[in-house]
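Please examine the aromatic contacts of this model, and then its metal site.

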Amino acid sequence: VLKVPCYELETGTSHLYGRPITGVFAVIDVEEKRVLDVIDLGAVALPPQPDPRRVARAALKPVQMTSALGRNYKISGAIQVEWDNWSFHMRMERRVGPVISLVRYNDRGNRRLIAYQMSLSEMFVPYMDPGADWSYRTYMDSGEFGAGFLMSSLMAGSDCPADAAYITMAVPNDTGRSFPVRRAACIFERNTGDPLWRHGNPAQPTALTRPQVELVVRMIPVMGNTDYIIDWVFTQGGEIEIRTAVAGIAAVKGVAAATMDDPTAANDTANGTLVAPGTVAPMHDHFFNFRLDLDVDGARGSSGGNTLIRDAIVPKRLPQANPRRSLWVVESTPVGTEGPLSTRGRNGAWRVINPNLKTALGHNPGIQIVLGNQSVSTLAEDDDPQKRAGFAASTLWLTRYKPRELFAAGDYPTQSRGGGGLPGYVADRENVLNQDVVVWVTVGINHIPRVEDWPVILTDWYGFKLRPFNFFDENPAYNIPAGFATTTTGAPLLRKSIE
Ligand SMILES: [Cu+2]
């Protein structure tokens, strides 16, 4: 059974989501092919079209990213990627989109495994409008629709750099066959224009410095009105950044108020923002859950497993004899059992270590999980959407690897009654010390729409990263050869002088 909202198409607008017929929707039984109900909550004017007469703006001279001497990365098979010291496999799945697996870092000839498999596992986008034509809009875009199924074609020079590698990928359709999505993924290197590391001296004109160059794997599924950019970024410093962006068009409804000074404005904007005359964008959340099956230094099978460590920042009083009164120390505690992990209250950090191995310095090699956007769902536990998306109540979850445990809201989130996925996976609180562990990260954003989100959202980036923590014997980027700069013609120029 589907609830189907209505949009105005007759004017041939390219801005479909800006033309909602507010308050009119149908309830349809898809299997019986019957319209069960048509609901009309009353007449509301269509929001006006975005003003086409906006003032023209001078174009910038082109600013481009090029690799004048050719690519540093190699793509082979279906699909193996090698770049700098990194190697990994990537594929596209209908439900979760890009899957990155067997991620290894070549540490002076030793190809060390960091992750077995990583991908999006679920999304949850609940709107905060109680109206009958909005209250059901609590999308679980990945499990209900499919991040891979809705993959869009990337435009060279804007979605990705012009000289990126564009990959056509096959996506399964509803009947078990497949269809190709042209330029479904792009891979490119970029010089961020930032130093990867540097040290200067106020008394000298030059600094010892290296440019930050990174490899990006990008796909952009379009879930209805929202375009979600999913980036996997690999750096020369051994870091993996998982970035997601919200773009596209805000979902809106028509209202009577043309400005905030109109008498109906307060009521019209009780659950949203007036983004244009007669146009309100309701408040909502975006939750992305990523499943990270890390295997730090090959922690599967006979070599033992991994352990998640909580590094808590603990304030400490000093004895009277010390001129300082206080400082902080780190208390490192292994997480013993499966569960949601509280990331609130105390400062600190999280890392996955291999307790069976030691580096030259005697550390257990580790990968730190640097959390970013940690908004969690504040919906009530007895609210049906929250029951179905229980994962969104916590930023971090830890489970013991099970081949069938892949989705944060369970195998079948569509019309589920709740309890599936992570809350179910951790219910038996299994031991996770020195086991094959899976870390699940919820990236959470409360989206309070703003006028600048209309008529198209300014791309908003979120995410988190994985970074080596006592994993190497020294800074893995210290051995990068002397930096390069670029002449005005784009030809690379080696500059010995910066040494
Ligand atoms: Cu949003």
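Phe 179 is partly exposed, with a relative accessible area of 27%, where partly exposed denotes the range between buried (under 20% relative accessible area) and exposed (over 50%), computed with a 1.4 Å probe on protein chains only. Phe 149 falls into this class as well, at 25% relative accessibility. The model is predicted, so local features require pLDDT of at least 70 and side-chain atom pairs count only at pLDDT 80 or more, while totals for chains, interfaces and linings use all residues. Residues are numbered from 1 along each chain as its sequence is written, and side-chain values use heavy atoms, with hydrogens and water left out.

Rings of Phe, Tyr and Trp (its six-membered ring) pair if their centres lie within 6.5 Å; planes under 30 degrees apart are stacked, over 60 edge-to-face and the rest tilted.

Phe 471 and Phe 472 form another edge-to-face pair, at 4.9 Å and 85 degrees, and both are buried. Together with Trp 86, Phe 88, Tyr 105 and Phe 234, they form one aromatic cluster.

The copper ion is coordinated by His 284 (NE2), His 286 (NE2) and His 447 (ND1) at 1.9 to 2.0 Å; donors are N, O and S atoms within 2.8 Å of the metal (3.2 Å for Na, K and Ca), and sites may look incomplete because water is not among the atoms. His 284 and His 286 are buried.
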